[in-house]
Every structure is written in C-alpha cells, then in structure tokens.
2 protein chains.
Amino acid sequence: MGRKKLTEERTTEILDAFARCMVKYGLDTSLDQVAEEAGMTRSIIRHYIGNREEVVNVLIERITADFLAELQTEAAQIPQEQMIAATLDYLFDDEAGYDNTDKLIFDVMMTAQDRYLQAKQTLIGMFEELITMFADDLEFAYPQADKTHCRDVAYSVLGLAMSHESLQGLGMNKRYHATARTNAETLIRTLEFSG
Amino acid sequence: MGRKKLTEERTTEILDAFARCMVKYGLDTSLDQVAEEAGMTRSIIRHYIGNREEVVNVLIERITADFLAELQTEAAQIPQEQMIAATLDYLFDDEAGYDNTDKLIFDVMMTAQDRYLQAKQTLIGMFEELITMFADDLEFAYPQADKTHCRDVAYSVLGLAMSHESLQGLGMNKRYHATARTNAETLIRTLEFSG
DNA sequence: ATAAAAATTGTCATACTTGACAATCTATCG
DNA sequence: CGATAGATTGTCAAGTATGACAATTTTTAT
C-alpha cells in the first residue's frame, strides 16, 4: 500500500525551476527562489533532492545528460555527409531560436567553486564527449586525415563556439557573427591537407 | 590641517583582497570575507568604497585598466616584428608562471547578473580594446591583408585563448596544450593570402 | 474502511550578509 | 598645543539562507 511516488516529476520540476533561476541570477540563486519559481516550498526541495550542493550536482548531471542525449538524437537523423555543416549551423547560428539556457548554465558552472567539484567533473566528461562526437564526424568527412589532427580541430572549433557564445552573451557587438563560423571553417579545411 | 588620506592604499588593499577571494570563492564572496582577507573590518570597506555593488564595479574597473596598462607596457618593449609570436606566447603558454587571477575574474564576471551591469560594460570595453591591439599588430605583420580580416582573426584567436584557458581551468586534459596555439597560428596564416 | 506510505506544510534555530551610523582614536597643520 | 579631517572600531537592525524536524494531509492497497 502507500502512496505513489512523485519523485521523478517533482525532481524534474525543481531542476527546471533551478535552471530558469540560474539564467536570471546565476549560481547564487537561493533555494527559496527556486522553490518559488517551482511553485513549492523549500522543504519540498529538501525532501526530494537534499541540500544545496546535492541539488546543484543533480541539476548539472541531468542537463548534461539531456543535452548529450538530444544532440545524439538529432545527429542520428542527419546524413553523415551533411554532419559537419549541420554541426556548424548548430554551433554558430546565433539567430536561431534555440534555447541558450543549457549553455549559459555550463558557462556559469565552469567557474564555480570547489564546493561543486562533482558538477565540474560532470562538465569535463561532457566536453570530452562533445569533442569525441565531433572528432568522429571529422574523421568520417576527412578519412585520410590524421586522427589526432581531427581531435585537435574538434577541440578548437568547440572552443571557438564557446567563446563566441560567451562574448555574445556578454553583449558584444554582433558584427562578429559571421567571423567565428568562418574561422571555424578555416580550421576544418586544414584537414584536407592532413595525413 | 587634518589627516593624510589613505584612500588610495586602502582601496588597493581591499580590491586585492577581493581579487584573491574571487579566485577562491567566485563572485559570491561576502564583504566580511574580503575584510578578513584584507585584515580589516567590513566597515572600512564601506567607508572607502561603498556597498557591494560599488566594490565589484570598482574592482573590475581597476583590474581591467591595470591589465591593459601592463599589456601595453610590455608590448612597447617588444619589436613589432616579434609581436605576433610574443602575443601567442602570452595567450597560450600555460606553463608560464603568470598570474591567472585577472583572467579568472574576467571569466567569472562574464556570466554575472545584471546587478553588475556596469562591470560587464567595462569588460566589453576591455575585450574590444584587446581585439583592436591585436588587430593592429596583425595589420603591421600582414600589411597587404584586409583590415576586416585582421580584426576577425584577432577576435577568433582571442576567443580560442579564452576558451582554452577556461577549459584548462576547469581541469581538462592537458593534452590540448599545443592544440590551441597551433590552431591559432593556422588562423593567422590565412592573412598571408588575404587582400 | 483503514492502515501504511508518501506527500506536503509549517515552524524553529542558527548563521550569514548587508547597510547604516555612532563613537572613538590618530595624525597633521597652524 | 589643540582643533580638525579623516581613519578605525563597534554595534545595531533588517533581511536572507540553510538545515532539521514535527505535524498534517493525501493517496493507495488490502
């Protein structure tokens, strides 16, 4: 007997609310703010997840997992020969109405304190996975190219996209929109002469 | 009559302490922590600078100004024909013992809330200045190259350095040390065939 | 219906953060 | 010296954050 567990639903609601708060207030969002955003009390957060540190760790785990899962689902529907172009569209298309939330949270967490070490480890794992995915695509597109070279290009293109995203988020001149992508393409083209 | 003003010294001590705290705790450092780090009371901070927001804004103003000033001093001692190489050394030499503090603080502030809008504006100004400086060097080194192209390359190389720095700070594999710089050089080399 | 399981609410104590201001001390100039 | 500008310290009040737990309500299985 007993009652049906709402753990999964509540956890999702809490983490979604936390994510929305992170966008507004950064990492120094109080659990009370999160609770209000989620339409519940802080006690419920405590009940379902735990203390602040645990909430943050669970949040990062979840959004990195969701992010990667969605990415892989989308990737699965794109023919390999269009993969590079599609990836660049995704990384550099600032006009697109996609949700920046995840990336913003990743940004915030990258400079987080040691208190959230577990979350930071999770982030590292995600970046490594992203690099691997993109490097694999590059290997497919440039089969003759050196694999290390592919990975290096993947690392740099992702870095370029990250910094571009950050600078745009900061509010810098939009004049650099085309720039970042063009330069990413330049780096990729070096693979033509590799290996 | 009256007493000699210590405003400048005290302000410096406070901001230095704040900077050290930022490295340890990020932006959510309390003024009490700063005061303790500086060996004074919070009331003194209030007396010399003001409330939290003002302290942060002044901190960012000062370190961006110092950072740019030092950079320009160093640059003035380097012959123009070595400037590009020296800049790359500076941007990508992770082994060098230079002080990461400033860059870490810039990183933290990039995702700060709107409360610190003034500080963020200061950051934007600094980045624009950095891009301009580097673009000028590139123009000198590649006089035939298109000026817009120079600026685009400057933007991307700085972005590459920023993201590399962030990822290393996060704790990623050091295997990418050479990567970022090599790819930056690739982008710069495109200027040879420009214009 | 009723008992168990789980959800939800409410409350308390504690500690932290900040802003404001009063009170005191100290160096300097005339 | 002694007046005064300014440094320094101390304290108070208000607001916020967190952790813990007791009390209550709702759902579900039997």
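## Terms and model

Helix axes here are lines fitted to C-alpha atoms over the stretch in contact, and angles between N-to-C directions run from 0 to 180 degrees. This is a predicted model, in which local features need pLDDT of at least 70, side-chain atom pairs count only at pLDDT 80 or more, and totals for chains, interfaces and linings use all residues. Residues are numbered from 1 along each chain as its sequence is written, while chains are lettered from A and ligands numbered from 1 in the order in which they are written.

## Chain A at a glance

Chain A has nine helices and zero strands. Both kinds of element are DSSP runs, numbered from the N terminus: helices are H or I with at least four residues, strands are E with at least two. The pattern along the sequence is α-α-α-α-α-α-α-α-α.

The C-alpha trace of chain A spans about 65 × 45 × 30 Å along its principal axes. Of its 195 residues, 37% count as buried. Buried means that 20 or more other C-beta atoms, placed from the backbone, lie within 10 Å of the residue's own; with 12 or fewer it is exposed, and in between partly exposed. Contacts are pairs of residues whose C-beta atoms, placed from the backbone, lie within 7 Å. Among contacts in chain A with a separation of 6 or more, 65% join residues 24 or more positions apart.

## Helix α7 of chain A

Helix α7(A) covers residues 117–141. Its 25 residues should span 36 Å at 1.5 Å a residue, and its end C-alpha atoms are 36 Å apart, so the two agree. The expected span is 1.5 Å times one less than the number of residues.

Its buried residues include A:Leu123, A:Phe127, A:Ile131 and A:Phe134. A:Lys120 is also buried. The buried residues of α7(A) pack against α4, α5, α6 and α8 of chain A. They also pack against α8 of chain B.

## α4 and α7 in chain B

Which residues of α4(B) are buried? They are B:Val55, B:Val56, B:Asn57, B:Leu59, B:Ile60, B:Ile63 and B:Thr64. These pack against α1, α2, α3, α6 and α7 of chain B.

The axes of α4(B) and α7(B) come within 8 Å and cross at roughly 10°. The two helices are therefore roughly parallel. Angles under 35 degrees count as roughly parallel, over 145 as roughly antiparallel, 65 to 115 as roughly perpendicular and the rest as oblique. In this contact, residues including B:Val56, B:Ile60 and B:Leu68 of α4(B) meet residues of α7(B), among them B:Leu123 and B:Met126. The contact holds six nonpolar, four polar and two charged residues. Nonpolar covers Ala, Val, Leu, Ile, Met, Phe, Trp, Tyr, Cys and Pro; charged covers Asp, Glu, Lys and Arg; the others, Gly among them, are polar.

## Where the chains meet

In the interface, 35 residues of chain B contact 34 residues of chain A. On the chain B side, α6, α7, α8 and α9 each give two or more residues. The largest share, eleven residues, comes from α8(B). By class, this side has 17 nonpolar, 14 polar and four charged residues.

One crossing involves α9(A) and α8(B), whose axes come within 9 Å and cross at roughly 75°. That makes α9(A) roughly perpendicular to α8(B). Here A:Thr179, A:Ala180, A:Thr182 and A:Asn183 meet B:Asp152, B:Tyr155, B:Ser156 and B:Gly159.

## Symmetry

A rotation of 180° with 0.0 Å of shift along its axis superposes chain B on chain A, with an RMSD of 0.1 Å. The two copies are thus related as by a two-fold rotation axis.

How values were computed: Two residues are in contact if their C-beta atoms, placed from the backbone, lie within 7 Å. Copies are superposed by least squares on the C-alpha atoms of residues with pLDDT of at least 70 in both.
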